[in-house]
Each structure stands twice: as structure tokens, then as C-alpha cells.
Amino acid sequence: MPVLQTDKAGFLLDGHPFRILSGGLHYFRVHPDQWADRLQKARLMGLNTVETYVPWNLHQPRPDAWRMDGGLDLPRFLDLAAAEGLHVLLRPGPYICAEWEGGGLPSWLLAEPDIALRTRDPRFLAAVDDYFERLLTPLRPYLASQGGPVLAVQVENEYGAYGDDTAYMEHIADSLRRCGIDVPLFTCDQPVDLERGALPGVLATANFGSRSAHHLADLRAQRPEGPLMTSEFWIGWFDRWGARHVVRDPQEAAQELDELLATGASVNFYMFHGGTNFGFTNGANDKHTYRPTVTSYDYDSPLDEAGDPTAKYTAFRDVIAKYAPVPAEPVPAPGPKLAVPAVALTESAGLLSCAAALTPGTDAPRPLTMEELEQDFGFVLYETVLPLEGPALLEVGQVRDRAQVFVDGQPVGVLERENHERSLAFHAQRAGGRLQILVENQGRVNYGQGIHDRKGLLGNVLLNGRELVGWTSRPLPLTTLEGVPFAPTAATPVGPTLHRGIFEVAGPADTYLHLDGWTKGNAWVNGFPLGRYWSRGPQKSLYVPAPVLRTGANEVVVLELHSAHRARTVDFRDTADLGPTEE
């Protein structure tokens, strides 16, 4: 592969002028069996490059553990990109934002009570250096300098919106260099943060979604020489629970792209293909109010969540053709979809009753956080004994993020971080009753100082003004459903329950799980974690990638935290429902 260079005017590739035409495609948000399809469609739209973040938290789930296989096999993704003739912009963080859980920072960092993330805190820098060494050592052959597809590597991510410590950024850049990164480095920031996040001698790029000529003129004013590039040209947006599905008119976005390319600048669309926050991997924002992101990361992209070209794909392809060669091959057709209506979920298992059989608990005077339990995702079940009967006022320090409260197995209320709720009144029928609090991590904050986002019950718990002591904290990450004692049930259970059903397909194809009549929870197909659903919307369906299915019998499991569909059925349909686009 050719080597990227810069001169006073722009980029050079093996000495020839070169414009980067790139699109965001996060390998960790796409089933690995679909990577090749998405990469081919990037090339067919006229892109010569793809961009990907790297999620530190998935690759290094514990300080002494490392994963680079299956859906995290980044070398294979890079091989596939190279086979398609595409270059790659690599964005390894350590912080990535990306509306991803914790901005990609591993939760085990927060086990240190006073750690300062994204600073020169020695504990953070030591962890970053170890991460880069583990990640980049096997990636060295993929650098363009070694004949690989990786043209350039990003230093941190929008750091100017977080801090202004140049020495910290220099450490990140030096760490990348020590690990063998000898291709160009670059930073990216929103226009108002460019100087705070920039590094001397490192290419500065800008992130924006409109007023391209204006923002690029500002970038040129701050950087009189060198390439002009937007590393994130926002052509859509993400969704949060309880809001609308955000879309952007294809022609309006294409007009903005035309304006950008007319300046001669390089571009990376954010996103070309958004994909999915499978499992529990969505992030959240907290600008005085906690707002979790939905499961779909469709992002109103040129390729939709299932990888099908949209009107935006065609509009962008037409604009790109004005400035660069576009393959003569036709726009790819949508992939096949399947539908299986009214799948009955005939077996169930109560989550509270089977929790002890799934994972051991830890006894302590107070509730332990997820980080203290060495837990990344999912739920924690807290249990203690009520010392009184009669009127009771339960008060907690902080709920991170949603707590369902039960007394002797019966629901008595919900506390939500999003609503700033910390207290709950109920009537205790007897002294010695069992108090259980099921807390859901709805996604660690991925932007701003809120990334120091520990999960579970934080602080002391009071009952009628007195501290409740003697707790069992039981992690329920639900990374596997092995050991769940499913059994046939005639009546619909009450409370958090896992429901299981079997359905048949003639052959695998993409589909969408619709949960009309269900309330809130998570779903799995053949053990693959589809993500969260919530009746408050906007998202009303969950994407099921074709490779998850198999010819013949398939299993669907739904964890319903509240009220299940009366008939306990779900539908697989051939169309998605991401919700209304107007408030």
C-alpha cells in the first residue's frame, strides 16, 4: 500500500496529490460475517478509505485479559479492507466517545476511587501504555509504511472539548510512536476546540456537519499550511430513549457534502454505516440530566442498520462522482429479509428467584458498585433484610442508573437516575422481610467529565433515616444465559423474567424483532445479544443479523423487567421501526 504524506497544500500518496474520501464503519458494531459486504459497499459508493474507532473496553475487559478474536478480530477487518482496495484511518483512543459505553474506556479503571481519566494521572497513563502495546504490536504489519492499509492514526479524540493539557496529548502521541506507529498522526476537534486539542507538528482536523466552507476557513486560519480535512462530517445523528428518531434530509446533506468537496478538502463521513450497539454497549450523555442512547446506531447513514443503501447513499455517490472516479457497478440492492409472526415464548425463569444459581454474591456492610464487583455491563441485585414493619422511606445516595425495588418478591417502585429520583416510600408488611433492589447499568456516560460514571447503588442506603447495613451484592452481567432454569409456564409471570421460545426459518436472512406489548428489557437470538428494548421508544424493533440465525430451529430469549405481552409472543418482521421522526 502507498504511504500518506503531507505538504503545504494537502495530502500526497506516494508523491501524488491525494484526497481522502472516507466513511465511518465500526467493526465492533457490525457482525463479523458482514464486514466484507459493508466494505464492498463503501468502495462502490466511491470511498477510497474507511475509518474505525477501537473500543478499549471490549479488547481489554480486565487488566490481565486481552481479546482480538471473533467480532474483535481487527487484523481480519483490516485484511478485508485491504482486499477491497480501501485505506483505513485508525482511531484507537484511548477515549473514543462514539456514543459507546464509557467512551470506550474500560470500567475497571474506575475501581480506583480517585482516578482522573484522560489526564496525566500515572495510573491512567500506565494503563494506556499497556493497552497501546497490546493493541498495536500485532497491527504494525498493517501500517501503510509496512505495505498495509492503515494510512494514519488519530491521537485521542476531541480532547479540546475535555481539557487543554498539551503534555497529556504529547504522552499519548509519544506512546503511539513507541509502539511503532510511523504513519502520520492527526487530532480531531470541533472548530471551537481546535487549539485546545491540537498538538505541534501533528495534523489538526475539524468535526462538523454544516457550514463546511466557514469551518474549513477557520481551520485554514489556524493552520495556514497543510491538508484541510473534516474527520467527522456529521451526516446524521444518534437517538436517545424517550426522544424522536433523528433523520437528516438526503439532498440537504448531499448539498453540504458538495460544498465541502468543492473546497478541495478531504472528508470522513460520520457515519457511512452506523451498525448496532449490541448487548449492553450503548453509551449515554449527562449534561445535568442522564440520557441513555438507544440500541440502534443507524445514524441515518448512507447504509442503514442492515447494510442496505439508502437515498443518502445514492445522493452522496452522485456528489462524489463530481470530484473523483466512482465504480461503474450499480448501487447494491437491499439484502433479503425474513418474517416469522407470533413466536410463542412458552418457557420462563424468574430472574430474582434464579439469580443465586447464576452468580455468587458478595457480602459487605454497604452495597458494592459494579466496579468493585469487577463487572462491566448488565445488572446488580442487592439484597438485605428489612429491620421493621410499617411505613418505610428508602433513600439512596445515587442510583446508577435504574433501580427496581422489591419487598418479599413484590414490586414496590422504581428509582430512575434520569428523573433524579433517590427516595421511595412503601409499606413493609413485616420485620425481617427481604428487600431486593435490581439496578440496571443503562450505559456509562461517553462524553464530558461524566465519564467517571460508576454503576450500581452509590453511597449509603437509609431506611427511615437510619443506615441499612448487611448487604449481598450479586452481579448479573448476563453475558451468557447458560444455567438459566427455563421451565414451561402457563400463566404470565410478574416481575423481571426471562422468557424463551423456539422458531423455525427455512434459511438465514436479516430480520427485525418487534416486541409490541412488552415493556422494557433485553433480547437474545441463539445466544447473540441483540440489545435493549423499551416501550417508551423511539426504537420499536431490534435488528437481527442474518449470520445469527440458522436453518431450522432457533431460540429467542427476552428478559422483560416489568410486564410481558399478555400472550407472550414476539414477531420477526422484514421491516425496522426506529420510531417517529417528529416530536
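**From strands to a pocket**

Mentor: Let us begin with β5 and β6, which pair in the parallel sense over 5 bridges. The model is predicted, so local features need pLDDT of at least 70 and side-chain atom pairs count only at pLDDT 80 or more, whereas totals for chains, interfaces and linings use all residues. Residues are numbered from 1 along each chain as its sequence is written, and side-chain values use heavy atoms, with hydrogens and water left out.

Trainee: What makes β6 a strand that is mostly covered?

Mentor: A strand is a DSSP run of E with at least two residues, as a helix is a run of H or I with at least four, both numbered from the N terminus. Buried means under 20% relative accessible area, exposed means over 50%, and partly exposed lies in between (1.4 Å probe, protein chains only). In β6 (residues 87–91), 5 of its 5 residues are buried. In a regular strand the side chains alternate between the two faces of the sheet. Both faces of β6 are covered, with His87, Leu89 and Arg91 on one side and Val88 and Leu90 on the other.

Trainee: Which strands make up the closed barrel?

Mentor: The barrel has 8 strands in the order β4-β5-β6-β7-β8-β9-β10-β11, with parallel pairing, and the twist from one strand to the next averages 30°. Here axes are lines fitted to C-alpha atoms (for helices over the stretch in contact), and angles between N-to-C directions run from 0 to 180 degrees. Helix α1 (residues 35–45) packs on this sheet, touching β4, β5 and β11 (266–273), and its direction makes about 140° with that of β11; contact means heavy atoms within 4.5 Å.

Trainee: Why do β16 and β20 stand at the edges of their sheet?

Mentor: In the open sheet, 6 strands follow the order β16-β25-β17-β22-β19-β20 with antiparallel pairing. Both β16 (362–364) and β20 (410–416) have a single partner strand, so one side of each is left without a neighbour in the sheet. Within this sheet, strand β19 (residues 402–407) pairs with strand β22 (residues 434–440) over 6 bridges, and Ala403 has Val439 as its bridge partner in β22. Helix α10 (residues 351–358) packs on the sheet, touching β17 (379–385), β19, β22 and β25 (471–476).

Trainee: Why is the contact of Asp453 with Arg400 called a salt bridge?

Mentor: A salt bridge is a side-chain nitrogen of Lys or Arg within 4 Å of a carboxyl oxygen of Asp or Glu. The closest N and O atoms of Asp453 and Arg400 are 2.9 Å apart, so the pair qualifies. Asp453 lies in the loop between β22 and β23 (456–463) and Arg400 in strand β18 (residues 390–400), so the pair ties together parts that are 53 residues apart in sequence. By the cut-off for burial, Asp453 at 0% is buried, and so is Arg400 at 12%. These two belong to a network of salt bridges that also links Asp286, Asp401, Arg417 and Lys455.

Trainee: Is Glu252 buried or partly exposed?

Mentor: Glu252 is partly exposed, because its relative accessibility is 34%, whereas Arg248 at 16% counts as buried. The two form a salt bridge with their closest N and O atoms 2.6 Å apart, and by this rule the count comes to 43 salt bridges.

Trainee: What makes a space a pocket, and how much space lies in the largest pocket?

Mentor: On a 1 Å grid over the protein atoms alone, a pocket is an open set of points where a 1.4 Å probe fits, with protein on both sides within 12 Å along at least five of seven lines, and lining residues have an atom within 4 Å of a point. Grid points are joined across faces, edges and corners, and the volume is the space filled by probe spheres set on the points. The largest pocket holds about 710 Å³. Of its 25 lining residues, the closest to its centre are Leu58, Arg67, Phe278, Thr281 and Pro529, and α2 (56–59) and β30 (528–534) are the elements that give two or more residues to the lining.

How values were computed:
Pairing = 2+ DSSP bridges.
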